Amino acid sequence: MGEEQKTKPTQHGVRDLRSVGLSPTVIFCRCKEVLEESTKIKIASFCHVGGSEAVLSVHDVSNVYHVPLLLMEQKLHRILAEKLELETIPSLEGRLDLTMGGLEAKSTMWNLIEGDVANEKVMKMLNNEVKIVIVGKYTGLQDSYLSVIKSLKHASMAVERKLDLIWVEAAHLENDFEDETMGGELEYNEAWDKMKSADGVVVPGGFGTRGFLGKILAAKYCRENAKPYLGVCLGFQAMVVEYSRNILQWEDANSTEFDEKTTNPVVFFMPEIDKDNMGGTMRLGSRNTKFTHPTHDDGSPSISKIMYGGSDTVSERHRHRYEVNPERVDTIHEAGLKFVGRDETGTRMEIAELPRSQHPYYVGCQYHPEFKSRPLNPSPPFHGLLLAACGMLDDYVASHQK
């Protein structure tokens, strides 16, 4: 009796809905185990829905990405099409295919592309791994980078590789950390060993001074050792500071977020924002970026533009208060770090990269591309990083330039 699936809670819930004038067409039942057919029949009978096929089992699965497949197996898409009369809408004519050769067949594509998130058996057949290091300051609370993690997973599925995610605390890369009073030689060496073993590196966004030097050192190491690198928001700003210090020899180049007295403020507080009032002062939301420099001096195309499918303008979401100082842009650009993408006014730097003749993949963006990544449509900057990390970027570029 203890293992019997109880229907009373569902019945009471539906009764309460009906008391306010709502009558369900489909009932989704969350449960630990698969809902038994006898339970479905009982719920359908007492809750007055159109048969047991209108009672769907939403039981525990190994990963949330398996839920669409679970619902499709129970024909939810057919129920929706019938009840909403989708096939009678003229604008959907020729686009709505609910036959076994149509939408249901696409579940196979979802199954295969999702790999480790929807079909673990498929991913177990993939022996090749790709090691990606995330250099951050919140590595003890990895949910802080959840969107970045998901973007890397989406991109790893697109390149059909198993993602091996490695965490590096940014502060552990700093020279001072080698001192026992700061942390210790062991943690310092372990952090750099992880960096050296990685196939690619991501430096995501963040706030505050702690670990910023470590992010600069990560950008420097990747630039000098041809290690695929993607800098997002603060990681993009770290690229600019590193390049200014080590190529332009502006030794005190910095962001005014960390050093207000620097003589080379290559990143500064956006002028229209009130420093004294931090509430609601971020540059937020989806904004357009134009590829103002789609071709490099050596004639090679911008890798960022290629990854965005050759679009002249892209829309991505932002979340920042600091930006590259427009007074230093021309000098940095002419020195080799190319600001290929800028806002619609041409004054705000959005994308920086090195030409592929100098580096396999060294890209940074002020915006947060991870916010728009999807399982079947990975974020272009993350996709490019994974392609470069797997040694597949040359073939991808060749096939997408034809």
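## Strands that pair into a sheet

Two strands are said to pair if DSSP finds at least two bridges between them. In this predicted model, three strands form an open sheet in the order β7-β8-β11, and the pairing within this sheet is mixed. The strands at the edges are β7 and β11, each of which pairs on one side only. Between β8 and β11 the pairing is antiparallel and runs over three bridges; one place to look for this is Phe268, whose bridge partner in β11 is Glu323.

Another set of strands can be followed from β9, which covers residues 283–291 and pairs with β10, residues 313–320, in the antiparallel sense over eight bridges. Within this pairing, Gly285 has His318 of β10 as its bridge partner. Strand β9 is also joined by two bridges to β12, residues 338–342, and these two strands again run antiparallel.

## Aromatic pairs and an aromatic cluster

A pair of aromatic rings is described by the distance of the centres and the angle of the planes. Rings are counted as a pair if their centres lie within 6.5 Å, and by this rule the count comes to seven aromatic pairs. In one of them, the rings of Phe212 and Phe258 have centres 4.3 Å apart and planes at 35°, so the pair is tilted. This pair links distant parts of the chain, since Phe212 belongs to helix α9 (residues 212–224) while Phe258 is in the loop between β7 and β8, 46 residues apart. Both Phe212 and Phe258 are buried.

Because Phe269 lies in strand β8 and Tyr322 in strand β11, the pair ties together parts that are 53 residues apart in sequence. A residue is called buried when its relative accessible area is under 20%, and therefore Phe269, at 8%, counts as buried, as does Tyr322, at 17%.

Elsewhere, Tyr138, Tyr145 and Trp167 form one aromatic cluster. An aromatic ring can also have a charged group as its neighbour: the charged end of Arg328 sits over the ring of Trp250, 5.1 Å from the centre of that ring.

## A nonpolar patch on the surface

Leu17, Val20 and Leu22 form a nonpolar patch on the surface, and together they have about 270 Å² of accessible area. Leu17 has its place in helix α1, which covers residues 8–19, and at 34% relative accessibility this residue counts as partly exposed.

## Two residues with positive phi

Which residue has a positive phi of about 60° although it is not a glycine? The residue is Cys233, which lies in the loop between β6 (229–232) and α10 (234–246). With a relative accessible area of 7%, Cys233 is buried.

Glu160 also has a positive phi, near 55°, and is likewise a residue other than glycine. The loop that holds Glu160 is the one between α7 (146–158) and β4 (162–169). Is Glu160 buried or exposed? The relative accessible area of Glu160 is 53%, so the residue counts as exposed, whereas Cys233 is buried.

Terms used
Residues numbered from 1 in each chain as written. Predicted model: local features only at pLDDT ≥ 70, side-chain atom pairs only at ≥ 80, totals over all residues. Heavy atoms only, no water. Phe/Tyr/Trp six-rings, centres within 6.5 Å; stacked < 30°, edge-to-face > 60°. Helix = DSSP H or I, 4+ residues; strand = E, 2+ residues; numbered from the N terminus. Buried < 20%, exposed > 50% of the residue type's maximum accessible area, 1.4 Å probe, protein only. Lys NZ or Arg CZ within 6 Å of the ring centre and 35° of its normal. Patch = residues over 30% accessible without salt bridge, like charges linked within 9 Å, V, L, I, M, F, W, Y side chains within 5 Å. Areas by Shrake-Rupley, 256 points an atom, 1.4 Å probe, with all protein chains shown as cover. Salt bridge = Lys/Arg side-chain N within 4 Å of Asp/Glu carboxyl O.
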